[in-house]
Amino acid sequence: MNRITVVDYRPDPQLDAELANLGYAAIQGWPDQRPFTPALVRSSLRPAGMTASTLALHRDADGTLLATAAVRWPATLEATGRLWGPIVHPAVRGRGLGGALLATVVEVLAARPGVRVITAEIPESRTEGWSLFERAGWRASGTSSLLKRPLPTNEDIPTTVPVRTVRAGEYLDQALATRFGGARPDLGYATARDTYSRWSADSRYVPDGLLLVEGPQGLQGATLVYPLSHSVTGEPAEALIADLITCRHLDRTTAAAVRSALVAAALKAGAAAGAAVARAVVDDADVLATLLVAGFEVADRLRYYAPPDSRGASILTPGYAGWRLGADLPTISTHG
Ligand SMILES: CC(C)(COP(=O)(O)OP(=O)(O)OC[C@H]1O[C@@H](n2cnc3c(N)ncnc32)[C@H](O)[C@@H]1OP(=O)(O)O)[C@@H](O)C(=O)NCCC(=O)NCCS
């Protein structure tokens, strides 16, 4: 019997390690294979607002965790929550656990009508990952690209714009809120307002990963690099470029120079943090082009789905001139 327990998620070292092990086993061999650590679990399930994430768990008779799914609720009704999973251990797939967890998620969502959610990103090559949602009638709700490149960089990417890291005690909340709100108005006021606190509260945050470009009118752009490594699995350490925003008032040439400089600085920061792979999830054509020039390659396309009866448009509006982060997407959470 597929007994599923539904609980409020609270960070707990043992549970976080169990979830990380399960997550790592589930994505091994796929393009989204990466260090899957307890810190990544905490980051993915950290509540965006006041409501604890809802976690569904299935264990065997001995208590071993075999499958899970979670909903991270949005901070406000104008924002979009995130579904995490379902994730089923490869040894017990094809027995209905994934379907049972998805049915549980649908029940959990039904208790909060009007709340929007979207799935985590699912690689297009992993047919069983997205067909689960299509069979259940979920709607395709955007795509993005998963990009990777090895680190360190041997070539020096020429840049024309200076980039600096955040200074100790520097007040960035207002400047980042304004820039983020300009770049992603679709994500709403609260998400923009909380940009700095959301970025810096993540378990992977390091001040050296917050990179800024300043111009005469203030902040011209910012990017955020999260380093992540897992000594237990020995998975190559990654540097995730979790977000990249530029001021929307810049002319095209300046915006391109700011993006290039931020990406070059992000690669340096990632290498300095010991990462062997740089990673990004992108839906914006300009950021994609900048990353390709900087030596990234597309590892896969990523798909997103929304529940059959959910209201509103996709948060990943194709062609929208903003950019959005990764699974652990801080943006969406509140990404990613
Ligand atoms: C997606 C996943 C949760 C499914 O778990 P599961 O326990 O095997 O799911 P179920 O047993 O309920 O259903 C499996 C279904 O997938 C189908 N399936 C299996 N492999 C498939 C494939 N390559 N292509 C299409 N369908 C496939 C099976 O036929 C079965 O369909 P049926 O119920 O109509 O017979 C599991 O594969 C997984 O953890 N994948 C990695 C994580 C992931 O991608 N999660 C999804 C979003 S993040």
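Predicted model: local features only at pLDDT ≥ 70, side-chain atom pairs only at ≥ 80, totals over all residues.
Residues are numbered from 1 along each chain as its sequence is written.

The domain assignment, whose bounds come from an automatic or database source, divides the chain into domain 1 (5-141) and domain 2 (148-333). Their C-alpha centres lie 24 Å apart, and 39 residues of domain 1 are in contact with 36 residues of domain 2, where contact is defined as C-beta atoms, placed from the backbone, lying within 7 Å. The side of domain 1 that touches domain 2 takes two or more residues from each of α2, β4, α3, β5, β6 (122-123), α4 and β7 (139-150); these names refer to DSSP runs numbered from the N terminus, helices being H or I runs of at least four residues and strands being E runs of at least two. The largest share of this side, five residues, comes from α2. By class, the side of domain 1 that touches domain 2 has 20 nonpolar, 10 polar and nine charged residues, with Ala, Val, Leu, Ile, Met, Phe, Trp, Tyr, Cys and Pro counted as nonpolar, Asp, Glu, Lys and Arg as charged, and the others, Gly among them, as polar.

Helix α2 also takes part in a helix pair. Two packed helices are described by the angle between their axes and the distance between the axes. Helix α1 (residues 13-27) and helix α2 (residues 38-45) pack at an angle of about 100°, with their axes 8 Å apart; here the axes are lines fitted to C-alpha atoms, for helices over the stretch in contact, and angles run from 0 to 180 degrees between N-to-C directions. The two helices α1 and α2 are therefore roughly perpendicular to each other, a description that covers angles of 65 to 115 degrees, whereas angles under 35 count as roughly parallel, over 145 as roughly antiparallel and the rest as oblique. On the α1 side the contact is made by P13, D16, A17, L19, A20 and G23, and on the α2 side by P38, L40, V41 and R42. Seven of these contact residues are nonpolar, one is polar and two are charged.

We now turn to the sheets. Strand β4 (residues 80-88) runs parallel to β5 and is joined to it by four bridges, and R82 has I118 in β5 as its bridge partner. Strand β4 also holds P86, which is joined to G85 by a cis peptide bond with omega of about 0°.

A second open sheet, again with mixed pairing, has eight strands in the order β6-β13-β7-β12-β11-β10-β9-β8. In this sheet β6 and β8 stand at the edges with a single partner strand each, so one side of each is left without a neighbour. Strand β7 runs antiparallel to strand β13 (residues 297-306), with eight bridges between them, and T143 stands opposite R303 in β13. With strand β12 (residues 277-282), β7 pairs in the antiparallel sense over six bridges, and here S145 stands opposite V282. Further along, six bridges join strand β9 (residues 210-215) to strand β10 (residues 218-230) in an antiparallel arrangement, in which E214 stands opposite L219 in β10. Helix α8 (residues 252-272) packs on the sheet, touching β9, β10, β11 (235-246) and β12, and its direction makes about 25° with that of β10.

Finally, we come to the ligand. Among the 21 residues around the ligand, R93, G98, G99, E128 and G129 come nearest, and a residue is counted as near if its C-beta atom, placed from the backbone, lies within 6 Å. The elements that give two or more residues to this shell are β4, α3 (97-110) and α4 (127-135), and α4 gives the most, with five residues. By class, the shell has eight nonpolar, nine polar and four charged residues.

Technical notes. Contact = placed C-beta atoms within 7 Å. Pairing = 2+ DSSP bridges.
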